[in-house]
Amino acid sequence: RLDEIRRRWREGTRVVEMRITGLVGYDSNLLLINEEARLLQDDKRSSFYYGGILAVRAMIVDEPHVRFFVDLQEQLRGYTDEPDFSFSDTMLSAVLRTRVARLDWLSFQIGTYVGESYLFNGGHFRTQRGITSAITIHPEDTWQIRLWAEGRDVNYYDEVPDPQDRDGTLA
């Protein structure tokens, strides 16, 4: 398989791609804190945010009906009203995408990831691991519909009282 990657590289076929994406938005419930797990007993926290994502993708298999790739992504996010929650998030993922049977307009995807987050002012914030799956309907090349599911295990490292302890599995 490495010989195939080297051959594609010599032929000028894209094996590695880099994307830079800007972020701007409004977070009405900082850090996905739900009402039962309020941070500092304040459910009214919200803020505009800004930042960017730098992502590098390595295509291991790039055939017409099968794609396998590895992504390394770094996200930086700053909050205007809550600067102490600004963070850096590093994520490594692997994804396999293939068409379903002989249907060119339907594909299935499965992936896994691991990530670490650090607060700019507070050190190690969380570790997350997960698996994803998706079914994508793409009748044309210009648009698609994706139904996806994710299972995630998250560990937070902030010291918080028991009612606010958010470690666990999300599905």
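I started with strands E4 and E5 (residues 103–119), which pair in the antiparallel sense over 14 bridges. For my own reference, strands are DSSP runs of E, at least two residues, numbered from the N terminus, and two strands pair if DSSP finds at least two bridges between them. This is a predicted model, so I kept its cut-offs in mind: local features need pLDDT of at least 70, side-chain atom pairs count only at pLDDT 80 or more, and totals for chains, interfaces and linings use all residues. Residues are numbered from 1 along each chain as its sequence is written, and side-chain values use heavy atoms, with hydrogens and water left out.

Next I looked at the turn: E4 and E5 form a hairpin with two residues between them, and Ala101 in that turn has a positive phi of about 50°. Across the pair, I found Leu92 opposite Val114 in E5.

On to the E3 side. Strand E3 (residues 66–79) runs antiparallel to E4 (residues 87–100), joined by 12 bridges. Here Asp71 has Ser93 in E4 as its bridge partner.

Then I checked two single residues. Is Arg126 buried or exposed? Arg126 sits in strand E6 (residues 123–140) and is buried because its relative accessible area is 11%, where buried means under 20%, exposed over 50% and partly exposed in between (1.4 Å probe, protein chains only). Beyond its neighbours within four places in sequence, Arg126 has contacts including Asp89, Glu116 and Tyr156; contact means heavy atoms within 4.5 Å. Trp143 lies in strand E7 and counts as partly exposed, at 42% relative accessibility.

Definitions and conventions. Helix = DSSP H or I, 4+ residues; strand = E, 2+ residues; numbered from the N terminus.
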